[in-house]
Amino acid sequence: MEASSSKFVDQLVVPGDVILDLSNLSNQTLKLGGGLRQDGDSICVMKAGKLRFMKPNKYWVESSQKRYVPSAGDNVLGVVVDTKPENFLVDIKGPAIAFLPVLSFEGGTRRNIPKFEVGTLLYVRVVSANTGMNPELSCMDANGKAAEYGILKDGYMFESSTGLSRALLSSPPHPVLEGLGKKLSFEIAVGINGRFWVNASQSSTVILVGNAIQKSESLSMVQQKIYLEKLLKSIQ
Amino acid sequence: MEQRLANSFTVTVNETKFIENALISDIRVDGRRPFDYRNLIIRFGSEDGSSEVQLGRTQVIAFVTGQLVQPYRDRPNEGTFAIYTEFSPMADPSFEPGRPGDSAIELGRIVDRGLRESRAVDTESLCVIAGKLVWSIRIDLHIIDNGGNLVDAANISALAALSTFRRPECTVEGEDGQELIIHPPDVREPLPLIIHHFPVAVTFGFIGKENIVVIDPTHHEEAVMGGSLTVTLNTNGDVCAIQKAGGDGVLQSVIMQCLRIASVKAGDITSKIKNAVESYNTQRSLRKIKRHNPSSTVSNVAKHHA
Amino acid sequence: MEFVSPEGLRLDGRRPMEMRQLRAELGAVSRADGSAIFEMGNTKVIAAVYGPREVQHRGQQLNDKALIRCEYTMANFSTGDRMRRPKGDRRSTEISLVIRQTMEACIMTHLMPHSQIDIFVQVLQADGGTRSACINAATLALADAGIPMCDLVTSCSAGYLNTTPLLDLNYVEDSAGGPDVTVGILPKLDKVTLLQMDAKLPMDIFENVMQLATEGCKAVANYIREVLMENTKQLENRRGV
Amino acid sequence: MRGMELPLNHTQKLRLQKALESLESLSSVTNSNASVTVADSIPVNQEDGVLKGHGTTELEGEVVATVCGVIERVNKLVYVRTLRARYKPEVGDIIVGRVIEVAPKRWRLEINFSQDAVLMLSSMNLPDGIQRRRTAVDELNMRSIFEEDDVICAEVRDFMRDGSLQLQARSQKYGKLERGQMLTISPYLVKRRKQHFHHLEQYGIDLILGCNGFIWVGEHVEIKDNMIEDEPTKPDSKNKKSQISTTLEEQEETYTTLETRQNICRIANAIRVLTTLGFSITLDVILEIVDLSTKKGLDIHEMLGAEFCVLVAEKEAERRSVSTRRKR
């Protein structure tokens, strides 16, 4: 039997659903992602969302939340809430405040520690996220380069959900974002933790883009298209 | 410490700067102009005297109840009137359970001052037996969701609930005039309160170094603003209460400008409340007629009183 | 009741636009970093300021500015009927909040991060205008404590009785149920930071009453400035070289 | 008058008034124009380019005072020197403080500043006087050096990044103060000088005028330059021995004679009188007042009375007028 046999794939699942019965499976290893749990011979769902499957054997539940569960490798938008001698304390909407070591910057030494006031917005990478520990962040990519990480100046940070953030980052690109991008010039940074930052030369553009994206979350694909057309007309 | 940091809400530097800069070009983050009010929705509960107000993302529930009590000794023929506020911790992570915080008390005082000290509700008509029994009206304001500008929402909610509240009719009988009969609502139609005028609160925020004025600030704007001004006024052009509790200073001319803008907004809001109340009342009387249809005699009474 | 006689005199013999006698004294509490007694007629208020000092509850510490706290109390003997008041009732909580926010507007809190400033005000005698007197006393106490402020805050109230705007209401006038406007200004900037009003008043009359109260504030400001100046000179003269 | 709760009789009142008036006339010329209160504008020549120092801010193009005090100008710098205020530390100040907390690797001290000052274990000399890394054992023994409520003397080292204050005590003259009393006065009465430690030989007393307004008056302690520092080869055994053996001697040593105690009180009271009058505290003035009290044959407790207070005021007026005449 093939691993993708679960009839729930790409369907909505709720906690308690049994998606696979291991006893029916031939000897095969499964990789379970977030929201799934093995209970004896069955694989159970722990949170509501869409069940996703990736060949050959990965299963996970994708859901949209306001809060973010940190996981290593994610790119997030964080807000500095305090400065300690060793770490910046950064809010990433997770269950615990994340630590950004003061030396985790490209070429960071004791001598050139950046000065961040409270409320500074940062684009950072989650380096480690273990239970029972505060997640650790970094402003460098894996090669120790600054890449795109660091301070985001000006612009405005909008709150969204993790689902919307994922949609914005997905390919093919989010239709609203793509449509707006063709008409207007603006910068956008999306954190997978349900935050996105927009900057443009005009405040009105920022507001328009931000609100359009926020609004698009509750619309279906067709509605999004209609909404986008209307919006683009109103700009002209 | 960390606990507090996690619960409190930090406004980013970007947001602070952006809100200020956008205001210079006359636009706000939610797309409003500085003097646009957010969308106001007034709903009523199934019972008389309860209302639910939604102002943008702010939600407030008001519930009015009446009770017969002994009057205060210095005011023997006036009913009493009290406002209680409840800031549910569910509305905002910064609201703590237990004792009401400073902002809860301030909100209660502003609404109280606007409604009570301007004598919006006729308390003398609430007297049943002078010196012995009066109606005590209590308004409970529950903040359900904090999206900014709680004062205005609470005030509107209180007004809406007061205008739909009805108390059972009481008559005094007996030889000595001391015997009290409370008529059940299905015998005699309960009486609404006498409301002289509608004191509507309108709040302004002052943002940035130049103290740019915005009406009806959102939660984000509240976190950024240097001061606020709440003006309570009615459609007759009377100022009923003002609260500007410290914060950034503004010129007197700005205050007067705010008053004039507020009086226009108060007119809009009053008519919105009145329309909502009216449609509630029509629905209510329709419901009454339906309910009492089987027995024709009672329905006559109800019609007579309605 | 007649609050203004046909001759244009008020119950206590003042003219409508006349303020009561002001008296201020610095350094009333020896242990405090700054303190003052402020009197407006028979209203008497004492204020003491402690700080900037180490924050008492670590959790409240602010990283970018000083924490300001304020406690307003009314002595049991301050009013005619002597009674025990419950501590922290709604009125005094609100006044504490108002005083705190008003003083916060002028204290340069960003210069003293991680610290705390406590302002205690107590009404010793209440004869109307206690809120104003408290703010004036707090300003003096803060200045005495050498806490940097961008401006003084001074306050005064005004009312409207018998179709006459009256400055600086006393208790009898205050409890007549007429409108009562309390204004607090930053005199140098000529800006209003505190404005409270209750009861009903048409808008154009309100403007006049507010104007009157503002004038009162300015008079208070002049007096407070004189007191501070004299005190500063005296301290410097005595100190010597 | 501030802090004057003395029962003065009529003549005393007049005498005091006269003395204070003469003081005023002596200094009024220079400082009457320089005094400012909160929100007073400070006249400056904008073209020269002004540096705005403490106690000033800019408002609508004007330089404005934010505190009450006296305008001081140093070249382009304009600042307001506050009078009554909490202590404003400067690097190198000598201060007296009280330990309020023993924390990991550090002591927290109350020094009349807007925050508690920090004295790191690493920035003070260990009792054995050796320069070495601080070990965990040292950390555990911190209470044997200073505990809560000890009065100590130290020097301001620098400000840390978050604005808190670091102290150091890297010399034998700093450290715990014992057998004496600490007075708290307003810091503006203590002037920064070269010398803040004074040994009053005739009284056998140490006087430390802390810049933060904490003043120590105590029995004189001979500063023993630790011998071990010179012979770092055999430190431990000797040190331990000496510690044990000193306990008995120490008991004898710690006995303060009645005379010394009286001297401590007399000097402390002299300082008290001066502070009630708001006169600045210097060694000369203190000694003069002490002399005055002994000359008049006053008991220590009488020094706080009304009569002596008036005398001190008169004496000070006389002294200042003499010194100004001399200058002219």
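Helices are DSSP runs of H or I, at least four residues long, numbered from the N terminus. The model used in these exercises is predicted.

**Exercise 1. The helix α4 of chain C**

Task: Find what span helix α4 of chain C should have, and what follows the helix.

Solution: 
- Step 1. Helix α4 of chain C covers residues 203-239, which is 37 residues.
- Step 2. At 1.5 Å a residue, α4(C) should therefore span 54 Å.
- Step 3. The end C-alpha atoms of α4(C) are 53 Å apart, which agrees.
- Step 4. Gly240(C) follows α4(C). The phi of Gly240(C) is positive, near 70°.

**Exercise 2. An annotated span in chain A**

Task: Which feature does UniProt place at residues 30-67 of chain A, and how much of the span is helix and how much strand?

Solution: 
- Step 1. An unreviewed UniProt entry gives "domain: Exosome complex exonuclease Rrp40 N-terminal" for these residues of chain A.
- Step 2. Residues 30-67 of chain A are 0% helix and 55% strand.
- Step 3. The end C-alpha atoms of this span lie 27 Å apart.

**Exercise 3. Two domains of chain D**

Task: Describe the side of domain 1 of chain D that touches domain 2 of chain D.

Solution: 
- Step 1. The domain assignment of chain D gives domain 1 as 86-177 and domain 2 as 180-223 + 257-328.
- Step 2. Taken over C-alpha atoms, the centres of the two domains of chain D are 27 Å apart.
- Step 3. Count contacts. In chain D, 14 residues of domain 1 are in contact with 16 residues of domain 2.
- Step 4. Find the elements. On the domain 1 side, β8 (94-103) and β11 (151-159) of chain D give two or more residues. The largest share, 4 residues, comes from β8(D).
- Step 5. Sort by class. This side of domain 1 of chain D has 9 nonpolar, 3 polar and 2 charged residues.

Conventions
Residues are numbered from 1 along each chain as its sequence is written. Chains are lettered from A and ligands numbered from 1 in the order in which they are written. This is a predicted model: local features need pLDDT of at least 70, side-chain atom pairs count only at pLDDT 80 or more; totals for chains, interfaces and linings use all residues. The expected span of a helix is 1.5 Å times one less than its number of residues. UniProt positions are given in the numbering used here, feature names are shortened, and annotations may be inferred rather than shown by experiment. Domain bounds come from an automatic or database domain assignment. Two residues are in contact if their C-beta atoms, placed from the backbone, lie within 7 Å. Ala, Val, Leu, Ile, Met, Phe, Trp, Tyr, Cys and Pro count as nonpolar, Asp, Glu, Lys and Arg as charged, and the others, Gly among them, as polar.
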